[in-house]
Amino acid sequence: MALRESQKFTQKLIWGLLAFVVLMDLFAKYKTYFLKESFGNVSPTDSLVAGYDLIIVGVVLLFIVARLVTEVDENEIRIKFFPIIFWWKRYPWTDIESVTVVEYDSLDEFWGWGIRYNFETWAYNVKGNHGIRIKLKDGEQVLIGTQKPEEFRAFLKEEKTTHNTNHQNRGSK
């Protein structure tokens with residue numbers, strides 16, 4: 001059995017802030033270029049305006065295409081946080097000490113969403129308050145956000161049962 005989840009940023013707060021920034025930028029352009037009034041200390045010829053526009057477009061596009069993909073199977077837990085992490089980040093079961101499905105507060109523990117580090121744990125999340133907390137044998141800790149906590153709990157329970165059965169069968173031969 002394998003489990004796959006793909007998540008995108010859908011928080012109204014994030015999209016509201018992005019919309020506000022875009023609207024303020026459009027308003028500034030309207031005042032500056034059409035009404036020929038100044039908007040702060042930026043003149044229409046400033047190359048800074050073009051750079052600012054590129055940053056706004058880049059951030060909005062990043063949030064549009066950003067996607068956290070989690071896959072779990074009998075060999076490993078994998079994550080990809082496109083477009084920041086293009087390759088699979090892999091956590092083989094042989095390197096994992098423990099895995100638990102937890103409830104957490106992203107703002108309190110990690111100061112937001114995305115790829116975060118709080119000096120103890122790396123977090124990969126895009127929304128919600130449920131995650132898979134992985135403790136590796138080398139002491140590293142990872143939290144992967146999920147919107148499917150019950151499916152992961154069931155998978156982990158089944159994986160543990162299968163893993164124990166296979167281990168016992170190998171030991172009896």
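**Group meeting: sheet, core and salt bridges**

Six bridges connect strand 2, residues 67-72, with strand 3, residues 76-82, and the two run antiparallel. Please keep in mind that this is a predicted model. Within this pair, Arg67 is placed opposite Phe82 of strand 3.

The pair belongs to an open sheet of four strands, ordered 1-2-3-4, with antiparallel pairing. Strand 1 (3-7) and strand 4 (89-92) each have a single partner strand, so one side of each has no neighbour in the sheet. On average, neighbouring strands of this sheet are turned by 10 degrees against each other, direction ignored.

The largest nonpolar core has 26 residues, and Ile77, Tyr91 and Ile134 touch the most other members. Among the elements that each supply at least two residues of this core are helix 1 (12-34), strand 2, strand 3 and helix 4 (149-172). Beyond its neighbours within four places in sequence, Tyr91 contacts several residues, including Ile77, Ile96, Ile134 and Val142. A second, separate core of five residues includes Val102, Tyr104, Ala123 and Leu143.

Finally, the charged pairs. How many salt bridges does a search of the whole structure find? There are eight. One of them joins the side chains of Arg78 and Glu76 at 2.9 Å, N to O, and both residues are buried. Another joins Lys135 and Glu97 at 4.0 Å, N to O. Lys135 lies in strand 8 and Glu97 in strand 5, so this pair ties together parts 38 residues apart in sequence.

In helix 4, three residues apart, Glu150 and Arg153 meet at 2.7 Å, N to O. Glu150 is exposed, at 54% relative accessibility, whereas Arg153 is partly exposed, at 35%.

Definitions and conventions
Residues are numbered from 1 along each chain as its sequence is written. This is a predicted model: local features need pLDDT of at least 70, side-chain atom pairs count only at pLDDT 80 or more; totals for chains, interfaces and linings use all residues. Side-chain values use heavy atoms; hydrogens and water are left out. Two strands pair if DSSP finds at least two bridges between them. Axes are lines fitted to C-alpha atoms, for helices over the stretch in contact, and angles run from 0 to 180 degrees between N-to-C directions. A nonpolar core is a set of buried Ala, Val, Leu, Ile, Met, Phe, Trp, Tyr and Cys residues joined through side-chain atoms within 4.5 Å. Buried means under 20% relative accessible area, exposed over 50%, partly exposed in between (1.4 Å probe, protein chains only). Contact means heavy atoms within 4.5 Å.
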